[in-house]
Amino acid sequence: VDLAHAARLGRCSARQAGAHAGVEGGKLAPLLGPRRTAMEVDEEVRSDGAALVYAVLCSSDPGLLGALVGALVAPEIHRLACGCRDLRSLLAAPGVGFLCPRLRPRTPFAFGAALTGCVATQLRSFRPAEDFDSLAFLPELAARLRNLTRLEEFGPILIDISSDVVIDTGAGALSGSALPGPITQGTSRFQGVPARTLLPALAEGFAHCRLLAELDLTVHCSDAPSAQLAAEVLLPAIGSCRSLRSLSLDLDATLPMGPLLVTGVARLLGRLATSGDSRLRRLSLGYFWWSEVSEETLSSIRDALAALANDGTGGLRGGLRELAVMYPQDQELGGLDAACAALQGACPTLEEVVVVDAWGEDGSGLSALRDFLCGCPRLRQADIVGELPADFDFGAFSGPVRAATAAAEDGNVVRFNSAEGWRRAAAHAVSVRDRRRHEKRAVEAEAEDQHRRDEEARGSWIAD
């Protein structure tokens, strides 16, 4: 890149560009492959500096090509690559697949195309830019997930397990044993199946993602068969990802289905705990139905979180450091009380907590949250964001928490509706929509803080 850039900016020959970069003309030929020399590409470099880069990359391995694609965000390299048609064709690698280790599709079509067209063993990060309907990509995801063995970051992903999807029965990837039930009869190669029939293939795929460290997942469900299969197959399979450090999970379900899915989450955490080497440090749980969950399931979650932190000898070896409880769907039914009871197992190791709109209009659940925070001896920061009751006593809430935690000497361990608190809520959110909403609230809170400081400064000036 330096050689070609020098040639392009200085409008000099390839030999002169080599000298500029500290490479003698005679030593430049090995970089260009066995069939091309500096003199042979000299004329091409004069018209387009990307030709030299293209020649170098012709003899490069996929790793180097992928690294270059990842650097295309640099304006100079982007212009360089776009100026050479052959270079674009090489990076697209039509015979192999996309060579970029980090993909960020911006449309539903690009989502499915990226899944089917990438080099699976090279992909490290897959971060969609929007919340895409799973109808556009679920068959491709079920077919390819088991091959993404080196995937480290995945999401936000929305899986609607109660919908129907269209699969290509002639592709072969999802036929046979991958489909537990019969597909819709018809003569067309493209046929419709319930999305839940793909859950075993998805579960098998997650079981192969042993390097997966960050997962942002939304599960949408509105029928009992789908919820039962997700709780017994899909969610427990995520517990096989032993490298998982950060899990953000939204369960967008109807009231009858919500408790079933929470049971699946208990199995997920239980499998992580029994693995013996779980690295889970960050957990975000959104849109749960907590109040209707059985006491047995709540106890299972509590025991699993405690086991994550227990080294087997009574000491602490890991456990959660960050926890977020966001938008429980039963705020008025005691959802926050049940959530605090279930999550108590994480208290000994928790350092940061975020709670977003989890209490009732009358403040129900806030007392349970205060007691929960008081039981976290390592707590450094708790952010409570959302509309609080008009008669809420901030001092009565934060005082006991400050006195009971290790961060008492650091001052304000509990923050209410602060700009930084909304930003942390945005960081924990699964969906892009929620992130943008929280970021907007952060900007508004920052403006309110600035206005208040200006008013205080003006009042101080008048008093002086």
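Select Ile-157 and look across to strand β6: Ile-157 stands opposite Leu-217 there. Strand β3 (residues 153-160) and strand β6 (residues 214-221) pair in the parallel sense over six bridges. Two strands count as paired if DSSP finds at least two bridges between them. Strands here are DSSP runs of E with at least two residues, helices are runs of H or I with at least four, and both are numbered from the N terminus.

A note before moving on. This is a predicted model, with residues numbered from 1 along each chain as its sequence is written. Local features need pLDDT of at least 70, side-chain atom pairs count only at pLDDT 80 or more, totals for chains, interfaces and linings use all residues, and side-chain values use heavy atoms, leaving out hydrogens and water.

**Stay on β3**

Select Leu-158, which lies in strand β3. Buried means under 20% relative accessible area, exposed over 50%, and partly exposed in between (1.4 Å probe, protein chains only). Leaving aside neighbours within four places in sequence, Leu-158 is in contact with Phe-132, Ser-134, Phe-137 and Thr-218. Contact means heavy atoms within 4.5 Å.

Show the strands. Ten of them form an open sheet in the order β1-β2-β3-β6-β7-β8-β9-β10-β11-β12, with parallel pairing. At the edges sit β1 (102-103) and β12 (414-416), each pairing on one side only. Next, select helix α17 (residues 394-404). It packs on the sheet, touching β11 and β12, and its direction makes about 155° with that of β12. Then take helix α19 (residues 432-463). This helix touches β3, β6, β7 (246-253), β9 and β10, and its direction makes about 115° with that of β3. Axes are lines fitted to C-alpha atoms, for helices over the stretch in contact, and angles run from 0 to 180 degrees between N-to-C directions.

**Into β10**

Select residues 352-356. All five residues of strand β10 are buried, so β10 is largely enclosed by the rest of the structure. Glu-352, Val-354 and Val-356 cover one side, and Val-353 and Val-355 the other.

Which strands flank it? Five bridges join β10 to the parallel strand β9 (residues 322-326). Val-325 has Val-355 as its bridge partner in β10. Between β9 and β10 the chain passes through helix α15 (residues 335-342), a right-handed β-α-β crossover. Right-handed means that, with the strands pointing away from the viewer, the path from the first strand over the helix to the second runs clockwise.

Now turn to strand β11 (residues 381-385), parallel to β10 and joined to it by five bridges. Glu-352 stands opposite Gln-381. The chain gets from β10 to β11 through helix α16 (residues 366-374), and this crossover is right-handed.

**Two helix pairs**

Select α15 and α16. Their axes come within 8 Å and cross at roughly 20°. They are therefore roughly parallel to each other (angle under 35 degrees). Contact residues are Leu-336, Asp-337 and Cys-340 of α15, with Leu-366, Ala-368, Leu-369 and Phe-372 of α16.

Finish at helix α11 (residues 199-208) and helix α12 (residues 224-238). They pack at about 15°, axes 7 Å apart. Among the contact residues are Phe-206 of α11 and Leu-229 of α12.

Methods: Parallel < 35°, antiparallel > 145°, perpendicular 65-115°, else oblique.
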